[in-house]
Amino acid sequence: QVQLVESGGGLVQPGGSMRLSCAASGSIFRLYAMAWYRRAPGKERELVAAISSGGITDYGNSVKGRFTISRDNAKNMAYLQMNSLTPEDTAIYYCNVQLHWPALPEYGSWGQGTQVTVFS
């Protein structure tokens, strides 16, 4: 089973940027789709962004044009670049790895999550 560790969360002001990282264990990382989900207080978990093993990307409607997902298979890493952050982006962000595409929250392994707080 793939182990995931997120990093890069914290506090940021509206309009700012932040990059999240997800480190994955395992020698077949390149075969997995990677995804970022988030859960805000009082809200359902939602897909933020996903990237297939072949580099196809998918984004949630609320982050399109602001967030970018990428991966580095040589380093077993996935990233989420977040720009133009708003308070509505405040949530715990979770990294997910799975063999299913499109990525679905019912599948795969999860990291422990990292808190992102956008405050004014």
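**View 1. The whole chain, from end to end.** Follow the sequence and you pass through β-β-β-β-β-β-β-β-β-β-β. With a radius of gyration of 13 Å (taken over C-alpha atoms), against the 14 Å that the globule rule (2.2 Å times the number of residues to the power 0.38) gives for 120 residues, the chain is as compact as a globular protein of that length. That makes 11 strands and zero helices, where strands are DSSP runs of E with at least two residues and helices are runs of H or I with at least four, numbered from the N terminus. This is a predicted model, where local features need pLDDT of at least 70, side-chain atom pairs count only at pLDDT 80 or more, and totals for chains, interfaces and linings use all residues. Residues are numbered from 1 along each chain as its sequence is written, and side-chain values use heavy atoms, leaving out hydrogens and water.

View 2. Look for L80 in strand 8, which spans residues 77-82. L80 has 0% relative accessibility, so it counts as buried (buried is under 20% relative accessible area, exposed over 50%, partly exposed in between, with a 1.4 Å probe and protein chains only). Leaving aside residues up to four places away in sequence, L80 touches several others, including W36, V48, F67 and Y93; a contact here means heavy atoms within 4.5 Å. S21 is 59 residues from L80 in sequence, yet their C-alpha atoms are 6.5 Å apart.

**View 3. R38 and its two partners.** Side chains of opposite charge can pair when their charged atoms come close. R38 forms a salt bridge with E46, with 2.6 Å between the closest N and O atoms (a salt bridge is a side-chain nitrogen of Lys or Arg within 4 Å of a carboxyl oxygen of Asp or Glu). R38 is buried at 5% relative accessibility, while E46 is partly exposed at 31%. R38 also meets D89 in a salt bridge, 2.9 Å from N to O. R38 sits in strand 4 (residues 33-39) and D89 in the loop between strand 8 and strand 9 (91-98), so this pair ties together parts 51 residues apart in sequence.

**View 4. D89 reaches R66 as well.** The side chains of D89 and R66 form a salt bridge at 2.8 Å, N to O. R66 belongs to the loop between strand 6 (57-59) and strand 7 (67-72), and D89 to the loop between strand 8 and strand 9, so the pair ties together parts 23 residues apart in sequence. Both D89 and R66 are buried.
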